[in-house]
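Keep the sequence and the model open while you read.

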Amino acid sequence: MAEPILRPGAVALVTGASSGIGRALVPMLAARGLRVIGTGRNPERLDAVMAPLGANGLGVPLDLADGDAIARLPGRLPEGWRAVDVLVNNAGHDVGGRRRLEAGTADQWAAIIEANVIGLIRMTRALVPGMLERGRGHIVNLGSVAGLRALKGGNVYNASKFAVHGFTDALRLDYADTDLRVTEILPGLARTGFAAARAEGDEAAADAFYRGFPGYMEPEDVARTILFALEQPPHVTIAQLVVVPTRGG
């Protein structure tokens, strides 16, 4: 039987580690003895998350829109960091979203698909061969309840998360005869920097957005659900885990 994934010295890679759920998850993984690779587009913000981990943290600036950089990533990692046991595809955005299709540009909508879907697929493709070769691995994709039901103004973001949902389900079936585990976490509303980024940095607009709901989760709440999936014994896979705020969920 495969050895537990959450074990001292194992390597986890978390995309979008510099903010939100990724930022909350990184220290939780490190506290369990894992060595953590964090990726993000902003080197300074990424360093603020990874530096406190000392020798157990490695920050790798990376834009998920750069397919060549993703493909080269496994070979660019230091020798002792290349055997990635856990991949958490957390990065994503909805910049320019929550409005009707004609209100945004085609490039804005394409950028959402590029980050939320294509970047996730590229990263998974880059790391799966090594996992298969070593006979172990756990892929965790951050989906959303927006991958289960349509939201007003959600058009392209909905499309991206429905794609993640379908991709993750099919991926699990593809590797059902191996020891690789594939999990999708589908959060409801969580208060992260997501809304401000969607409003292109307008914090007041983000505050107003969250005030419009009876309740929301914190990034740490979602991060703990990821740990729950990772903590299961090797013969158990949490296929999908929907987590929503108690009020308004």
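**Sheet, helices and selected residues**

Strands β2 and β3 run parallel and are joined by five bridges. Strands pair here if DSSP finds at least two bridges between them. Helices (H or I, at least four residues) and strands (E, at least two) are DSSP runs, numbered from the N terminus. This is a predicted model: local features need pLDDT of at least 70, side-chain atom pairs count only at pLDDT 80 or more, and totals for chains, interfaces and linings use all residues. Residues are numbered from 1 along each chain as its sequence is written, and side-chain values use heavy atoms, with hydrogens and water left out.

**The sheet as a whole**

- Seven strands form an open sheet in the order β3-β2-β1-β4-β5-β6-β7, with parallel pairing.
- Strands β3 (57–61) and β7 (240–243) are the edges, and each pairs on one side only.
- Neighbouring strands of the sheet are turned by 15° against each other on average, direction ignored. Axes are lines fitted to C-alpha atoms, for helices over the stretch in contact, and angles run from 0 to 180 degrees between N-to-C directions.

- Strand β1 (residues 11–14) pairs with β2 in the parallel sense over four bridges.
- Ala12 has Val36 of β2 as its bridge partner.
- From β1 the chain crosses through α1 to β2, in a right-handed β-α-β crossover. Right-handed means that, with the strands pointing away from the viewer, the path from the first strand over the helix to the second runs clockwise.
- Gly40 stands opposite Pro61 in β3.
- A right-handed β-α-β unit is made by β2, α2 and β3.
- Five of the six residues of β2 are buried, so the rest of the structure largely encloses this strand. Buried means under 20% relative accessible area, exposed over 50%, and partly exposed in between (1.4 Å probe, protein chains only).

**Helix α2**

- Helix α2 (residues 43–50) packs on the sheet and touches β2 (35–40) and β3. Its direction makes about 170° with that of β3. Contact means heavy atoms within 4.5 Å.
- Leu46, Val49 and Met50 are the buried residues of α2.
- Down the axis of α2, these buried residues fall within an arc of 90°, so they line one face of the helix. The arc is that of the directions from the helix axis to the C-beta atoms.
- An α-helix has 3.6 residues a turn, so residues three or four places apart point the same way.
- The cover over the buried residues of α2 includes α1 (20–31), β2 and β3.
- At the start of α2, a side-chain oxygen of Asn42 comes to within 3.1 Å of the backbone nitrogen of Glu44.

- Strands β4 and β5 pair in the parallel sense over four bridges.
- Val86 stands opposite His138 in β5.
- The chain runs from β4 through α4 to β5, and this β-α-β crossover is right-handed.
- Six bridges pair β5 with β6 in the parallel sense.
- Gly137 stands opposite Leu180 in β6.
- The chain crosses from β5 through helix α5 (residues 155–174) to β6, again as a right-handed β-α-β crossover.
- Both faces of β5 are covered. Gly137, Ile139 and Asn141 are buried on one side, and His138, Val140 and Leu142 on the other.
- Strand β6 (residues 180–187) runs parallel to β7, with four bridges joining them.
- Pro187 has Val243 of β7 as its bridge partner.
- Helix α8 (residues 219–230) lies across β4 (84–89), β5 (137–142), β6 and β7, running at about 155° to β6.

**Asn116**

- Asn116 is found in helix α4.
- Asn116 is buried, with a relative accessible area of 1%.
- The Asn116 side chain reaches the backbone nitrogen of His93 at 2.9 Å.
- A polar contact of 3.1 Å joins the side chains of Asn116 and Ser160. A polar contact is a pair of N or O atoms within 3.5 Å; within protein, one must be able to donate a hydrogen and the other to accept it, and residues adjacent in sequence count only if both atoms are side-chain atoms.
- Neighbours within four places in sequence aside, Asn116 is in contact with Gly92, His93, Tyr157, Ser160, Lys161 and Val164.

**Arg98**

- Arg98 lies in the loop between β4 and α4 (106–134).
- Phi of Arg98 is near 55°, a positive value in a residue other than glycine.
- Most residues other than glycine have a negative phi.
- Arg98 counts as partly exposed, at 37% relative accessibility.
- Arg98 and Gly154 are 56 residues apart in sequence, yet 5.4 Å apart in space, C-alpha to C-alpha.
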